[in-house]
Amino acid sequence: MANARSITSFTSGDHVRSLVRRRDRVYDRVGNHQLIEALESVVRSLRSSRSITAAIVESTTRHPTDLTRALVRSINEGHTLAESCAERVHHVDDRDEVLVLHALTLIASHGGDAAANLDAVVITLHDRRHQMAERLVQASTASASARLLTWLPIGCGALLALDSRGFRHTLFATTAGWTCLSIGVALNLVGRFWTRRLVRSP
């Protein structure tokens, strides 16, 4: 009975801690949309002779991100910046966040010109943001072209069917017409699917 109560108590405690961690994650999640702005704030603070840790804490109040909040929380628990970065890098898959974590780890472990190093990271993130914006524009254009190419044959076929009795008879009352119609619909769907896949490809 004692062992059963211990197991129940242990399981219940784990459940409570899990709920607390889940609540904290949901409450603290703000995204990394301001990651570049946060790093720019860190660079300005570093050039004002603040330490890297103080600069990160200050940037969190001005431009909160999931990354900087997690680092500040870990630092407040007694971990060094390098340890905090090394721990978090194993739990993220966003390439921008991974880049920043590696840069902060090198700065915290080996020193050097922290402001210049982070400035280079900011430039890289700006380039990535511009490339992503260009890709979105290109994807939008490709999607519009795909929709046009999909509906244009259908519209033309519908107009011809309404205008020409002979066309309707050939298309819907003969084997050759149904064959052409089936092949046309199949190719249309394949082209639409292929274009959509190309647009959404990473």
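A: Alanine 55 sits in helix H3, which covers residues 52-62; helices are DSSP runs of H or I of at least four residues, numbered from the N terminus. This is a predicted model, in which local features need pLDDT of at least 70 and side-chain atom pairs count only at pLDDT 80 or more, while totals for chains, interfaces and linings use all residues. Residues are numbered from 1 along each chain as its sequence is written, and side-chain values use heavy atoms, with hydrogens and water left out.

Alanine 55 counts as buried because its relative accessibility is 0%; buried means under 20% relative accessible area, with a 1.4 Å probe and protein chains only. Leaving aside neighbours within four places in sequence, alanine 55 is in contact (heavy atoms within 4.5 Å) with Val42, Ser45 and Leu46. Alanine 38 is 17 residues from alanine 55 in sequence, and their C-alpha atoms are 9.6 Å apart.

Leu46 leads on to the largest nonpolar core, where Leu46, Ile52, Val100, Leu104 and Leu118 touch the most other members among its 28 residues. Such a core is a set of buried Ala, Val, Leu, Ile, Met, Phe, Trp, Tyr and Cys residues joined through side-chain atoms within 4.5 Å. Helices H2 (35-47), H3, H4 (66-76), H5 (81-88), H6 (95-110) and H7 (114-163) each supply at least two residues of this core. Beyond its neighbours within four places in sequence, leucine 118 is in contact with Leu39, Val42, Val43, Leu46, Ile52, Leu104 and Ile107.

How values were computed:
Buried < 20%, exposed > 50% of the residue type's maximum accessible area, 1.4 Å probe, protein only.
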